[in-house]
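User: I am new to this structure. Please take one part, look at it closely, and then place it in its surroundings.

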Amino acid sequence: MDKLETMWDVCLRKNIKRRSFLKSCAALTSIMGLNMDMLSKVVAAAEKNPLPVVIWLHGHECTGCDESFLRSATPLTSDLVLNSIALEYSHALSAAAGEPFEEHLHQTMQQYAGKYILAVEGAVATAENGIYCMTGGKPFVSVLKEVAKNAAVIIEYGACATSGGIQAAKPNPTGSVSVREIVGNSKPIVKVPGCPPIPEVMTGVVMHYALFGKLPPLDNEGRPKQFYGNRIHDTCYRRPFFDTGMFAENFDDAGSKAGWCLYKLGCRGPVTYNSCGNLRWWNGLSYPIQSGHGCIGCSNDHFWDEDPFYKRLPEYGPILGDVDKIGAAAVGLTTAGVALHGAMSVVQKKKRQAAEEKSDGKKVE
Amino acid sequence: MIMHEEPRKVYYLFSPFLRIFHWTMVICISFLFTTGLLITKPASGGVSMEPTFGNILLSLDLIRNIHFIAAFIFVAAFILRIYGFVINKGDRLFPRVWKAEFWQSMIEVSMHYMLLKPSHRPYLRNPLARMSYVGLYSMVFIEIFTGFAMYLMVNPNGFGAKFFGWTIGIFGSEFMIHLIHHYIAWAIMLFVIGHVYMAIRADFMEREGEISSMFSGVKILEHEPVDVGEIMDKESSDTFSDRKPLHAGQQETKM
């Protein structure tokens with residue numbers, strides 16, 4: 001493993017036709033959200049650039065992101081893992097285990113120091129020195145620090161890695177935090193939020209780096225623009241129902257059955273940025289809203305603390321309750337107070353005038 | 001009650017720009033508030049509704065557009081406020097918080113409103129009211145910034161989102177922005193009640209043309225107001241009536 005193969009080398013070795021290789025490149029170009037003008041660059045990169053070494057760490061999580069990743073259709077996960085990247089270490093996808101596996105991790109880190117991509121799924125448990133999440137007999141937090149030190153770039157996959165995940169929900173007993181909070185800003189970090197992220201988004205991000213050797217353009221939160229540049233609400237196929245004012249009021253009513261807007265059932269589409277509306281899931285099969293369930297905003301930081309998911313803006317205020325009821329009550333109280341004050345002011349004025357008349361009378365005398 | 005025949009003086013305070021801005025604000029806030037409530041809790045035609053025969057009044061698209069148009073007009077109207085501020089001293093309502101005198105008058109007026117003093121000294125522009133406008137403008141600016149942050153995040157990579165998007169960072173999430181926008185809207189309503197009441201009350205208690213001043217721009221005072229120096233130079237105020245009786249100065253009338 002001294003010299004890494006390129007994608008084209010892999011194709012040659014496996015007797016894959018040039019035509020198939022070019023088709024894969026075209027598919028990759030579109031899935032990375034690039035203009036088709038870029039195809040020639042993608043082909044050139046796939047011919048020349050060696051496959052990137054990827055170390056895939058799993059922290060405090062459910063491996064649901066892996067489940068999602070495995071279902072990537074374009075590119076196929078198998079293509080990606082076997083032909084497009086050199087995945088050297090991954091808990092969930094490796095046959096090897098135990099000491100030899102850990103040994104391999106250290107070899108990879110030494111051999112490709114400063115060159116490998118570190119993909120992290122899962123939060124970092126920090127409470128009690130990180131004992132809530134152990135891997136290979138060590139707290140995950142120390143493993144992460146060690147591997148991150150020589151990484152070229154870090155990809156945070158999933159809500160756990162980007163903002164702590166469900167286990168970071170209040171009161172966060174395990175002290176779970178995002179990868180960025182441990183690693184800091186010393187390394188370039190891509191946030192790929194979602195619970196889980198869309199599989200094509202996961203593969204698209206790593207392929208972008210694999211082919212061009214640099215991160216995709218990021219927004220101000222550090223997310224790849226091409227995948228997180230749209231609100232769910234603005235790309236939703238149910239948007240016309242919202243605009244017309246046709247809402248499902250209950251999950252068992254005719255509106256829900258007819259596929260009307262789920263705004264009143266707590267859909268987080270208006271505050272969520274993701275590609276569900278355009279890419280959809282499982283090769284464009286469906287996505288939560290299409291299946292009749294409102295968006296829960298799983299690509300938002302701390303979405304788990306913005307529950308319950310079936311209430312619109314959790315009934316208009318997390319602590320105090322319905323802001324409209326509070327507002328109306330406050331308006332009522334203020335009006336009453338003002339009326340009382342007005343009445344007292346009248347009395348005061350009467351008194352003042354009486355006193356003035358008295359003194360005026362005295363002056364005349 | 002003895003009817004006094006006292007000379008009263010007319011003071012020109014508010015430029016037409018401020019007055020137009022004020023009433024634009026009134027109209028815009030009314031629209032913004034009602035449509036805002038409907039956006040949070042949309043009315044619904046019920047399940048028997050058909051898209052083709054949808055009621056235009058239930059159209060959230062229309063309601064949102066009214067909200068946005070009102071918001072844009074409101075923000076644009078600030079140009080009038082700023083112009084008035086530049087050309088007319090009476091429009092410069094920001095309280096002189098750097099002066100001890102201001103705080104003394106604040107206390108005095110507050111004592112009166114707490115019904116602890118029978119009356120307060122005459123002011124052209126009530127110090128407590130001016131303080132409340134600082135509150136109003138702060139709330140309005142929060143609404144503008146949170147509102148545009150939500151509105152412009154349609155394109156998170158555009159210039160508008162860069163200009164206003166940081167508001168979301170301050171309050172944590174876009175989810176919170178929606179709530180804060182809503183809470184502040186209600187707070188503005190509380191201000192409106194207090195403001196309308198205080199204006200009516202001042203008219204009733206002091207008879208200085210408080211309410212009509214927002215139409216005519218002038219107030220009519222019996223006594224020399226404490227803060228007269230703020231709208232005109234002390235020197236010229238004494239001689240103003242001789243030179244220009246109808247403008248910016250004082251005009252003697254019999255009431």
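Analyst: Start with one residue, A:Asp322. It is buried, with a relative accessible area of 14%. The cut-off explains the label: buried means under 20% relative accessible area, so A:Asp322, at 14%, falls on the buried side. Keep in mind that this is a predicted model.

Where does A:Asp322 sit in chain A? Its place is in a loop.

Now look at the neighbours. Leaving out residues up to four places away in sequence, A:Asp322 touches A:Glu315, A:Tyr316 and B:Lys41. Two of these names belong to chain A, and B:Lys41 belongs to chain B.

Which polar partners does the side chain of A:Asp322 have? One is the backbone nitrogen of A:Asp324, which lies 2.8 Å from a polar atom of that side chain. Another is the side chain of B:Lys41, in a polar contact at 2.7 Å.

Step back to chain A. It has 16 helices and nine strands. A compact globule of 365 residues would have a radius of gyration near 21 Å, but chain A has 29 Å. Its C-alpha atoms fill a box of roughly 120 × 50 × 40 Å along the principal axes. Of its 365 residues, 50% count as buried. A:Asp322 is one of the buried residues.

Contacts and surface come next. Take the contacts in chain A between residues at least 6 apart in sequence: 73% of them join residues at least 24 apart. Chain A exposes about 16500 Å², and carbon and sulfur atoms supply 57% of that area. Its side chains include 38 positive and 37 negative ones. The centres of these two sets lie 6 Å apart.

Chain B has nine helices and three strands. Along the sequence, the pattern runs β-α-α-α-α-α-α-α-α-β-α-β. Of its 255 residues, 46% count as buried. Among its contacts with a separation of 6 or more, 70% come from residues 24 or more positions apart. Its accessible surface comes to about 13400 Å², with 70% belonging to carbon and sulfur atoms.

B:Arg125 lies in the loop between helix H3 (100-113) and helix H4 (127-152). It is buried, with a relative accessible area of 3%. Its side chain reaches the backbone oxygen of B:Arg92 at 3.0 Å. Beyond four places in sequence, B:Arg125 touches a list of residues, including B:Leu13, B:Phe14, B:Gly90, B:Asp227 and B:Glu230. B:Ile170 is another matter: it is 45 residues along the chain from B:Arg125, and their C-alpha atoms are separated by 35 Å.

One last stop is B:Tyr11, in strand E1 (residues 7-12) of chain B. It is buried, with a relative accessible area of 0%. B:Tyr11 and B:Gly90 are 79 residues apart along the chain, and 9.6 Å separates their C-alpha atoms. B:Gly90 is also one of the residues that B:Arg125 touches.

Methods. Residues numbered from 1 in each chain as written. Chains lettered and ligands numbered in written order. Predicted model: local features only at pLDDT ≥ 70, side-chain atom pairs only at ≥ 80, totals over all residues. Heavy atoms only, no water. Helix = DSSP H or I, 4+ residues; strand = E, 2+ residues; numbered from the N terminus. Rg over C-alpha atoms; globule rule 2.2 N^0.38 Å. Buried < 20%, exposed > 50% of the residue type's maximum accessible area, 1.4 Å probe, protein only. Contact = heavy atoms within 4.5 Å. Areas by Shrake-Rupley, 256 points an atom, 1.4 Å probe, with all protein chains shown as cover. Lys, Arg positive; Asp, Glu negative; His and termini not counted. Charge placed at Lys NZ, Arg CZ, Asp CG, Glu CD. Polar contact = N/O pair within 3.5 Å; in protein donor to acceptor, adjacent residues only side chain to side chain.
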